[in-house]
Amino acid sequence: PTSRRRRKLCFRRLERGDPARDATRSLMSFAGVSVVDSAKHCTCDTSAVYAGADSGYHLLMVRDYSRTKVQLPTGESATTGLFTVGEYDWYIEYYPNGENPNCRDFVSLYVTRHTLYDCEGEEDVEAKFSFSLVDQLEKHKPVYIHGTNKTCTFSSSAPSWGSDRFVRRDALERSAHLKGDCLTIRCDIMVVCKDHKIEDAAGTVPDINQHFGHLLQNKVGADVTFEVGGETFAAHRCVLAARSKVFMAQLFGPMKEGATTSSVIQIKDMEAKVFRALLSFIYTDSLPAMEKDSMEEDEMSEVMDEGREEAAEFEMWLQWLEDLFVAADRYDLQLLKLICEKQLSEHISVSSVTSTLALAEKHHCCGLKEACLKFIQVQSPSCLQTVMATSGWDHIAVTYPWVVKEFIAKLASNQRK
């Protein structure tokens, strides 16, 4: 998640009653609906609901999505009214053309803790949050919010946190999430309790994935060691074998390497940060964030400006995701492979489509391959020429000539229609 400094925005505090608190605080409470209506020049009407718990979710419905893109250029947003979660007021900002020029091809979303402007002495709020499309049911569980998102500090100097690259617009427009030119976004917020007794009462005690994550970190009982990219990783044979048939064969079957538990297994052709992410998924069943390279921020700022730095980080993230996709295929982790496939499908660009297409064909990933071909199909003639002039396209034509034939057949089919 990314943060922003506060803006000088004035809001009318919504009147509300004083409903009784929900006794089952461990559940995600409903905190109202906001509707972005382009017919009213992208105003946002909010039905304010008091969640009455430390965890709640708010729905943002966007009507006439195509017109919101026209009415709200890059840097301009539709802002919801206030809703309440964990005794604090919040609002959401929706940028259909990105919050800044560096993410103009994406939908940006931010959630802000509302305070009275220039009010001194207000306490900081620690909270986790998550944005998802309403039909992404796996992301709506409290365990998901609690376990996969880092805690953010909403303060007077940094009241806003969010995602400037929530989803690529072209990927959204090709997906089933956009129905009848409308979409619904869900924002989950989980206020972190500082009092452990309150936290236990709220039902946010560690889940099994957190326990296994701690097991990986503290290495208690570890009985196998891997060496990857000059780094060593301690793990547990039974956990690896239970999650991966490849590890099962490698550690307990005919492929078993080493007769003792102290043996070190060498893994080649993989970066340490990719293997670390692979292990994290095996233990926690969630996709970790990409590690930052060791280059210090000051050193990075000396060689490139902010825009180029963000673009470079995005390219590094894509490369990391591709490498993790390959690792998931190598160790037969189908869920991780599917998660990587979905992320790659949603972030296809003119510069990356040929490498992604070659990756999909090499690893027999039909869904990712279809997404790449559809992306190329809808490009303008000039963009299509750019794609076909790259060395990546030449590689596909030489290595996978049948893919070129499939693409030509699709273009011919479109022309007949």
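Predicted model: local features only at pLDDT ≥ 70, side-chain atom pairs only at ≥ 80, totals over all residues.
I started with Asp170, which is partly exposed at 22% relative accessibility (buried means under 20% relative accessible area, exposed over 50%, partly exposed in between, with a 1.4 Å probe and protein chains only).

Residues are numbered from 1 along each chain as its sequence is written, and side-chain values use heavy atoms, with hydrogens and water left out.

Next I looked up the partner of Asp170: its side chain meets that of Arg168 in a salt bridge, 3.2 Å from N to O (a side-chain nitrogen of Lys or Arg within 4 Å of a carboxyl oxygen of Asp or Glu). Arg168 is buried, at 8% relative accessible area. I got 11 salt bridges for the structure.

Then I checked Glu271, which pairs with Lys273 in a salt bridge, their closest N and O atoms 4.0 Å apart. Glu271 is partly exposed at 41%, while Lys273 is buried at 17%.

I moved on to Glu361, whose salt bridge with Lys369 has its closest N and O atoms 3.1 Å apart. Both of these residues, Glu361 and Lys369, are buried. I also found Glu361, Lys369 and Glu406 linked in a network of salt bridges.

Last, the cysteines. I counted 0 disulfides (pairs of cysteine sulfur atoms within 2.5 Å). Cys365 is buried at 6%, and Cys182 is partly exposed at 30%.
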